Amino acid sequence: RESDHRAWTPVSYTVTRQNATVQGLTEGKAYFFRIAAENIIGMGPFTETTKEIVIRDPITVPDRPEDLEVKAVTKNSVTLTWNPPKYNGGSDITMYVLESRLIGKEKFHRVTKEKMLDRKYTVEGLKEGDTYEYRVSACNIVGQGKPSFCTKPITCKDEIAPPTLDLDFRDKLIVRVGEAFSLTGRYSGKPAPKVTWLKDDIVVKENDRTKIKTTPTTLCLGVLKSVREDSGKYCVTVENSTGSRKGFCQVNVVDRPSPPVGPVIFDEVHKDHMVVSWKPPLDDGGSEITNYIIEKKDTHRDLWMPVTSATVKTTCKIPKLLEGKEYQIRIYAENLYGISDPLISDEMKAKDRFRVPDAPEQPIIKDVTKDSAVVVWNKPYDGGKPITNYIVEKKETMATRWVRVTKDPIFPSTQFKVPDLLEGCQYEFRVSAENEIGVGDPSPPSKPIFARDPIAKPSPPVNPEAVDKTKNSVDLSWQPPRHDGNGKIIGYLIEYQKVGDEEWKKANLTADSCPETKYKVTGLTEGLTYKFRVKAVNAAGESEPAYVPDPVEVKDRLEPPELILDANMAREQHVKAGDTLRLSAVIKGVPFPKVSWKKEDHEVSPKADIEVTGVGSKLEIRNTVHEDGGTYSLTVENPAGSKTVSVKVVVLDKPGPPRNLQVSEVRSDSCYLTWMEPEDDGGSVITNYVVERKDVASAQWVAISSSSKKRSHMAKYLMEGTQYLFRVAAENQFGRGPYVETLKPIKAIDPLHPPGPPKNLHHVDVDKTEVSLVWNRPDRDGGAEITGYLVEYQEDGADEWTKFQTVPMLDCVVTGL
């Protein structure tokens, strides 16, 4: 029954066990229960519960918490979160217990001592590099429930993740002036990245119109009421210690263009039309100019009339004008986003304002030759139309008719070289200018000129220098002047001046006495120092003087010897035996040096012809032999010094004889020959050896090898028992040298060895002082017939054998025992 009711309600009538489940109770209400036993006789008394029982689910410890996760890891802390258990055990959770275990240890240790109800906790004070695993348990009034599943092992280290960047905008963004725009996106990274905004590589700063908002995961740049200056390349950089990411957006804030740039230029003005031009706007509004709108207005009326609204050129023809009226022009620029303010021109009257060019000023004539002259003039006023051509005319001074000098156009040059003049004639020239209106008046005639080559004084001689001197003379040399003044150089004047004097003296009185570019100044005083100068002379007169750079002291010149080697004095000279050896060199020096030839520091062979001239020396040896080779030296010497050059001469000849010819390994049909290379290879590499043999009974040598490059040879195919001589010669590219021969004949027989031991030695008879012995022949005779057998005996116990005698047969009687 319910505790607040008096009526009992039956639960079951058929219970035979000592327990029963009461169903249909209401949670939270209090009940009393009673029970009675029954048999076939009847029901016994009831037994009642002593106190009321409140109906509620049984209370247990909570289930394990769920979803234990690691949210952050640093080198000394770990942050964990978890969800509550699915079932709290029938009682509210009173706290959570977080435990950790150091990997390698067995026990878990409680992390928190205080009571904790939050489901997030940061474990701090950890050691960098240590690895832990964690678990968490829930507690209610009953007690502590099962722990959660452990986390994976967590190593204490700073978490690192490179930045990521996810942008909500594209590469390009077009915005109308006055509108707002924003650039947004999301980012991540560990450690938390730094976000930087740049515009055209300059850091963006916040102001009244520019706002920057950055959260731990999102970024935003916003611009209010955009202006043209907000256009540019925007860049957002997300950067931490592991790297950086960048995002770009080209923002173009567009507007209608600014007005075209003036002034309006009237390129052409006629009575019925004009041609005007202008410059594009300084600012196209961020969009290409699609069109110019041109209008015209009579200045005495207020009405603007359209001319065209469909041109992209910055020039336009204004048609349908009335002669004498004044007009203004206005021009608009247009792009996709609107039409600019107008550019208005000055007033301009419609009338023809062009004429033929004016007459040029009097032309100037220059660079006259015997058959040509250059006419030069200044550009005249062009009459309002560009000059397209100049007309140059000529006439002889006494004639009356002007003749055009060329039919070809002359423009834009304001000078012309007139060809085909007659030498000696006098000419005048005039020039006219032409434009598209017509040909203007001619200029006044030029001053008359005669057609002939001009003659001017020559330029100075070039590079005068003192090339030699003695105790009373100096030799000068120079080069002709660069310009002869269009006149033939007659000759040269040479002057000299003693250092310290002011007066220049003439070395020659007339130029034709020195037509060459050299001169010997004589009659000078030994020991004094002089300056020299040279002038060139033509029909127009003397040139400016050219000076010898340095003063010259007059004395005998002293120059150390100098050798200029001919090709045959190269470092090594090869001569074939029998040819002629020639060595020569050019010798310089003042005074002329003493010449001496040496070979290996000794006098040269008497067969050498030595010739010395005033400019050089030559050594010649005819019919050279090998002994003429060696190092030849040429020494030249004077008081100023000496110089020596050497040349190694190799006389190329046949090689000498090979050395140390030896015969070994003699057999019945062969033997082995060895030798050494010749001491002298003749100056050329040994190419091969020739080997020959001869039977001592024969007079004929027979070649057994003629191409061997080795210094040994196996002589085969010998006749057994025959005696042979051998010889060897070396060859190079110049021939075969002398032979070297074996000293004594070699007999072709196999080498001899001692015979083997006799076989089957035994006695056949014994007496008191003698023994009869017999034996058989040995198995091998050693390569020769056996000539006898040596018989020896030894007393038993003695160390030495005693020789008895040598016998020819296979038996012997030993006596005297």
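Helices (H or I, at least four residues) and strands (E, at least two) are DSSP runs, numbered from the N terminus. The model is predicted: local features need pLDDT of at least 70, side-chain atom pairs count only at pLDDT 80 or more, and totals for chains, interfaces and linings use all residues. Residues are numbered from 1 along each chain as its sequence is written, and side-chain values use heavy atoms, with hydrogens and water left out.

**Exercise 1.** Let's find glutamate 423: which loop holds it, and is it buried or exposed?

*Solution.* Start with the strands: glutamate 423 sits in the loop that runs between β34 (415-418) and β35 (426-434). Next, take its relative accessible area, which is 57%. Buried means under 20%, exposed over 50%, and partly exposed in between (1.4 Å probe, protein chains only). Glutamate 423 is therefore exposed.

**Exercise 2.** Now try serine 100: which strand is it in, and is it buried or exposed?

*Solution.* First, locate serine 100 in strand β7, residues 95-102. Then check its relative accessibility: at 13%, serine 100 is buried. Finally, look across to glutamate 133, which is 33 residues away along the chain, yet the two C-alpha atoms are 5.7 Å apart.
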